[in-house]
Amino acid sequence: MTLTKAHIVENLFAKNIFTKTESAQIIETLFEIVKQTLETGEDVLISGFGKFSVKEKNQRRGRNPQTGDPIMLSPRKVVTFKCSGVLRERINVGK
Amino acid sequence: MTKSQLIEALAKAEGITLKAAETAVNVTFQSMEQALIKSDRLEIRGFGSFKVKNYEGYKGRNPKTGELIEVESKKLPFFKVGKELKERVNGGTSQD
């Protein structure tokens, strides 16, 4: 099964604080804030879950994997995720 | 940005109480944790997707002492950034 935003909205709605529409709006805004923060290059640290950070990648030579043609990859930013130790342990219980 | 700063920003943006915003943030990350603990896939459109990958154990060395050590197999969540976020951190254009 794949968890989607719709499931998170359901879980929030089940708390009986917000209507379905409000729940959907709030979850949308929540991810929007996280995206805006990463967009400015700032890390987002959720204790117990993990850390999202933006890393700068230098320009490098690469190859088109299909044709093998050499190409120059431009400098870019990538978003990385580091799992928290707590979550990591919980994922590995009963491994 | 920390979780408490995210809660404050959400409360402000939505005009809801800090307590309500805290519930929303906790429900979100707890839902995501539960999925990962069950090794379910998790996909947030425009943000990214997670899946739990299995890593085989291997024999390694302590880089400081050179001592031979057994690294046990493990599971780790792998995050793949979504198209929208990928483009936004790069100033709105995809570089591929």
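Student: Which residue in strand 1 of chain B is the bridge partner of Leu3(A)?

Tutor: Please bear in mind that this is a predicted model. To find a bridge partner, one looks across from a residue in one strand to the residue paired with it in the other strand. Here the partner of Leu3(A) is Leu42(B), which lies in strand 1 of chain B. The two strands concerned, strand 1 of chain A and strand 1 of chain B (residues 41-44), run parallel and are joined by three bridges.

Student: Which residue does Leu42(B) stand opposite in strand 2 of chain B?

Tutor: Leu42(B) stands opposite Phe50(B). Strand 1 of chain B and strand 2 of chain B (residues 48-55) pair in the antiparallel sense, with three bridges. They form a hairpin with three residues between the strands, and Gly46(B) there has a positive phi near 85 degrees.

Student: Which residue is the bridge partner of Phe50(B) in strand 5 of chain B?

Tutor: The partner is Phe79(B). Strand 5 of chain B covers residues 74-81, and its antiparallel pairing with strand 2 of chain B comprises eight bridges.

Student: What pattern does chain B follow along the sequence?

Tutor: For chain B it reads α-α-β-β-β-β-β-α, with three helices and five strands. The radius of gyration of chain B is 19 Å, whereas the globule rule gives 12 Å for 96 residues, so chain B is more spread out than a compact globule. Its C-alpha trace spans about 55 × 35 × 30 Å along the principal axes.

Student: How many helices and strands does chain A have?

Tutor: Chain A has three helices and six strands. From the N terminus, its elements run β-α-α-β-β-β-β-β-α. Its radius of gyration is 19 Å, well over the 12 Å given by the globule rule for 95 residues, so chain A is also more spread out than a compact globule. The box filled by its C-alpha atoms is roughly 55 × 35 × 30 Å along the principal axes.

Student: How many residues does the contact take from chain A and from chain B?

Tutor: An interface may be read by its residues, its area and its individual contacts. The contact takes 48 residues from chain A and 48 residues from chain B. About 4600 Å² is buried between the two chains, and carbon and sulfur atoms give 67% of that area.

Student: How many salt bridges are found across the interface of chain A and chain B?

Tutor: There are four salt bridges across this interface. One of them can be located between the side chains of Arg90(A) and Glu33(B), at 3.0 Å from N to O. The interface also has 16 residue pairs in polar contact.

Student: Which element gives the largest share of the side of chain A that touches chain B?

Tutor: Helix 2 of chain A gives the largest share, 14 residues. By class, this side of chain A has 25 nonpolar, eleven polar and twelve charged residues.

Terms used: Residues numbered from 1 in each chain as written. Chains lettered and ligands numbered in written order. Predicted model: local features only at pLDDT ≥ 70, side-chain atom pairs only at ≥ 80, totals over all residues. Heavy atoms only, no water. Contact = heavy atoms within 4.5 Å. Buried area = accessible area lost by both parts, 1.4 Å probe. Polar contact = N/O pair within 3.5 Å; in protein donor to acceptor, adjacent residues only side chain to side chain. Helix = DSSP H or I, 4+ residues; strand = E, 2+ residues; numbered from the N terminus. Nonpolar A, V, L, I, M, F, W, Y, C, P; charged D, E, K, R; others polar. Pairing = 2+ DSSP bridges. Rg over C-alpha atoms; globule rule 2.2 N^0.38 Å.
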